[in-house]
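Hi,

Here is the structure I promised to pass on. Have a look at it first, and then read my notes below.

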Amino acid sequence: MSEPTPQSAADRAPSEPEPLPVSTIEDLCTDVESNVSRVIVGHDDAIEHVITAVLGRGHVLLDDVPGVGKTMLARSIARSVDCTFRRIQFTPDLLPADVTGVNVFNQKSREFEFNAGPIFANVVLGDEINRAPPKTQSALLEAMAEEQVTVDGETRSLPDPFTVIATQNAVEPNQTYELPFAEIDRFMKKLSLGYPDAEEETELLGRAVGHHPIDSLEPVTDLETLVRARETVAEIRVEEPVRAYATRLAGYTREHARIGVSPRATISLLRAAQARAALAGREYVVPDDVQMEAPVVLSHRIRTESRDRDGESVVADALEYTTVE
Amino acid sequence: MSTDSRGRTVDVDLEQSVGAGPFRLLALACVAALIGSYVWVLREVTQVVGGTGSLLVLVGTMLVAATVLARAIRPRTATAAAIVVVVVGFAYYLEATGVGVDAALAATGTILDDTAALATGLPLLRMVEAGLWTLGFAPGPAFLSWYLAVRGRYALAVVPGGLALLFLVLTGDAGTTITLIGTASGIGAVGFGELERRGGSVAQADLLAVVFAAMIVLSLSVTILPGEDEGATFSGGGDGTLEGTIDTADERSGISGQVDLSPEVRFTVDSQEQSYWRTGVYDRFAGDEWVRSGSLDEYDGSIDGPPGDHETVSQRVTAQTELGVLPGAAQQIELEGPPVRHAEVSAHGQPQPADTLVEGDEYAVESAIVDPDPDELRAAGTDYPDDVIDDNDYLQLPEDTSSEFEEYTAEVTAEAETNYDAAVAVEQYLRSSKGYSLDVDQPAGNVAEEFLFEMDEGYCVYFATSMVQMLRAEEIPARYATGYTSGQEIDDGEYVVRGLDAHAWVEVYFPDHGWVAFEPTPGDAREDEHNDRLEEAREDGHDDVDIEESEDVPISDDEDEEEESDGEEPNESDDEEPNESDDGQADDDGPDDTEPDDTEPGDADDGTSANGGSGDGFDPQEVVTITREQLAIGLLALIGLAAGVRRTGASRRARREFRLYWHGRRGDPDEDARRAYRRLERLLAREYRPRRRGESSRQYLSALSAAESLDPRAERVARCYERATYGGGVDREAADEAIATVDDLARERLPLLDRF
């Protein structure tokens, strides 16, 4: 099963990148992971999830208390790949133009020139995204969904790859805006890091007292490799039984929650599963891949009736009671 | 399961799979055999009553029509056509029998009753227009069966044919062998049809053969066991029951085979005149048995008497044992007494009780005895009333009656100028040319012919059968009567009748007079046997052989007379006596003598023939009928069992169990890999726990291997399954390996199979 699908090369437009062999994806990810873990102690799962999200052309929302390393995780992953990285610190007074960029009148050339905002980067870190008002948040919507921004009626493409890693603060509810449901849905995954355990924290302290390791972090791969890896992931085989399984999972959430997951969620789920399969060096998705991704891909898109029951528990039930075939 | 919906690609494995062609041929052959099985049963009927040619032509036409129309019309149209054919056929039958279609429409209840009677064991031969009935019955199912078979709908094709056969089984006409052939054909048709449809292999055909074998062996043993002594299974076996299915058993249960042979006293008669005590009349000869056609009507206070002069004789009959018949001098015209309540009367005027008489039951009989002079009979002419000639089978000969038989009869009666002379000639010929013996083997084929041409001796049944058939060959209406001879006269007008006295004789119709009895059985040597036997029984201390007084009275007193009569009778043929009915009844004539002998013969032979020998009480019928009932019950039980098994899902479970150890036909490698894995899952489920719903194969196996020592081979099968299901497929080799692995794993868990 290690042979690449023969038709893929021929069918692809000349400009499209050549996919990497599946077996190399695993190595690539291992490299990135070990690189990142020089900065981040523990959180291996989260690291993997972020990597698969990037490979699966998704965006990630990190949701946790401040200070557990959300930003550091995003930065270290971005730095591990030799690509452009921009950080946007969301504040209550941040305006949409601050994100997308503005047209500025150039006195010299007597013309308006576009002054690209921080969103024009391969990896964008939206820090504390929920501190900005919905209007500004919505500037992200188009960017995340369409990979393009429109300023003064002019549409500009974002670089490829384009990944948003946003963090949001779970405390201070009075000073934050809840993310619109539509925006939430555009994040492939929502992750929580949680506190490191005692051992990890001790280790973490040991690293952080000197120079912060992130400063010395070197890229382990380049943009082209990342693009090709994403192409590989896109070609991972998803057979009908797996698609049907994902459909059943989605159906379960719709039956057991006020708002279940959207078809966009199912697409995200399968893309994440593709990346997960590639990570395991497999050319096809198995239900296990779906199951591994489902909690982080589906949970944040579910609205339940009661407070005792959240998206996570609905997804857990869905995984338990949905037949795998 | 989504995977099942994928098209099954037939992986043509030349070594294993047989083309659809042979299976189609086999399936068609099976359907043909099924049709053939019930047509054969119907043919047996038409051979007796005529119309075999028409039947075969009709069925042949239907088969051709079905073949031609198979491509032309749709199943619904064909079904409608078959129904039309059936309806038209039966309408014709009803018109022909004089019932009329209108009447049929008006009297649905009657028709339902008739159908119910048929379906509960009334043999087809008892129907008045049995031949026409078969012509109405045969074409519809044959057409529909063959039509469906040609269209490849084998399972459906079995339905009409199977129903037709089932009906014949219920009427008791289809013997075990034919039923078995029909059933096996039906199953074969379905089996081979299925194999054709799915592109089966030789291995599966083998399986079908195993199923056949098991079925046949089982069904034979099942039918053999209940009636062990009679070897009931193959009806019409060579045991020589002359009278086969004549009556329904329950009406005759009082006299069983052995009892008949026995010297036990059956009943006593108080009569002004000595007579044969008739208990049954049969008109239809089937070559190896006599059948009474027509239905039974409730006794309504009187029975039609003879058309001409007759004297009336009163008798009082007392049953001395259980008795399933109503003996009385022919022709009974009036009955009285508790036992005859609800009595039924056959189409031939013979009454029979609705319930078995018990010891001590008593009834009075008024009989009209026809006692004309020979001259009167000679002058009777041949102007037979319609109801004797047309509506009955009194001239019926089996279709296979040879021309030699008719020619020979013509020679015997060459000198006779009148029907009476002809009857006397035949009577005398038989009495003088054949010996009497109880110890005969029943011949195969037409008993009348065999007795006339091949046998030197026989007993009353043979003599009477041959005589009836010979007379019929001469166009003289005749019928076969059974009953008892007059028995031992112990007092003035009191007769003791024993099982030994059972007898069969002949009745011949004469216009303006009615039925006159003839006695073709030679009486000479028999009484001795009768007496010996009775003496033997007395010496053995049997209680039932005598009633009070009868022991003291010499049995031989009859004998003396008999001897005289014997002597007379041969001579008498010219004179009055030949028609024994007169003489016999009047005094102790020859008839008596001859009769006793006859009864005994029955004993001497094997049980079956014994029955034949005895009068009407014939046990053989009982035996045969019981067998058929058992058969019907057995079939029903099987059907019920099958339904039950199906309902409880036992068959499905068994199949699943079987499929656990046997992969079955291999086809698409992906499908094979999936099946292999499912078998593995079931194996593991049995050993550890079933896979949970939300558990993937990986999780299941790793959970098992974490908790138990899981065979690492299981992992390989699961990987193969994964590739087949999610990874775009596996190749043949991988699938085979998975199958082999699961086979090994399964066998290791079933010690018995280690060897293979």
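A139(A) is buried, with a relative accessible area of 13% (buried means under 20% relative accessible area, exposed over 50% and partly exposed in between, using a 1.4 Å probe and protein chains only). You'll find A139(A) in helix α6 of chain A, residues 134-146. Helices here are DSSP runs of H or I with at least four residues, strands are runs of E with at least two, and both are numbered from the N terminus. Leaving aside neighbours within four places in sequence, A139(A) is in contact with P96(A) and T100(A), where contact means heavy atoms within 4.5 Å. T100(A) sits 39 residues away along the chain, yet its C-alpha is 7.2 Å from that of A139(A).

Before you go further, some housekeeping. This is a predicted model, in which local features need pLDDT of at least 70 and side-chain atom pairs count only at pLDDT 80 or more, while totals for chains, interfaces and linings use all residues. Residues are numbered from 1 along each chain as its sequence is written, chains are lettered from A and ligands numbered from 1 in the order in which they are written, and side-chain values use heavy atoms, with hydrogens and water left out.

On confidence: the model scores ipTM 0.80 and pTM 0.48. pLDDT is the predictor's confidence in each residue, from 0 to 100. Chain A averages 84, and 95% of its residues score at least 70. Over residues 1-14 of chain A the pLDDT is below 50, and that stretch has 15 contacts in the model beyond near neighbours in sequence. Chain B averages 70, with 66% of the residues at 70 or above. Over residues 556-626 of chain B the pLDDT is below 50, and the stretch has 253 contacts beyond near neighbours in sequence. Residues 1-18 of chain B also stay under 50, with 25 contacts beyond four places in sequence. Where pLDDT is low, the predicted coordinates should not be read in detail.

Now the cavities. A cavity is a set of points on a 1 Å grid over the protein atoms alone where a 1.4 Å probe fits but cannot get out, and lining residues have an atom within 4 Å of a point. Among the lining residues are L28(A), V32(A), I51(A), L55(A), I77(A) and T221(A). By class, the lining has eleven nonpolar, one polar and no charged residues (Ala, Val, Leu, Ile, Met, Phe, Trp, Tyr, Cys and Pro count as nonpolar, Asp, Glu, Lys and Arg as charged, and the others, Gly among them, as polar).

A few backbone details are worth a click:

- H43(A), in the loop between α2 and α3 of chain A, has a positive phi near 55 degrees and is buried, with a relative accessible area of 14%.
- D512(B) has a positive phi too, near 75 degrees, but is exposed at 58% relative accessible area; its loop runs between β16 (502-510) and β17 (514-518) of chain B.
- D160(A) and P161(A) are joined by a cis peptide bond, with omega about -5 degrees; P161(A) lies in the loop between β8 (154-157) and β9 (163-169) of chain A.

Chain B has 29 helices and 17 strands, and 54% of its 756 residues count as buried. Helix α28 of chain B (residues 712-726) has 15 residues and reaches 21 Å from first C-alpha to last, close to the 21 Å expected at 1.5 Å a residue; the expected span is 1.5 Å times one less than the number of residues. Its buried residues include R713(B), V717(B), Y721(B) and E722(B). What do the buried residues of α28(B) pack against? They meet α10 (240-256) and α12 (287-298) of chain A, together with α26 (669-687), α27 (697-707) and α29 (732-748) of chain B. Just after α28(B), G728(B) takes a positive phi of about 85 degrees. As for α29(B), its buried residues include A734(B), I739(B), D743(B) and L745(B).

Cheers

Key: 1 Å grid on protein atoms, 1.4 Å probe; cavity = no way out; pocket = protein on both sides within 12 Å on 5 of 7 lines; lining within 4 Å.
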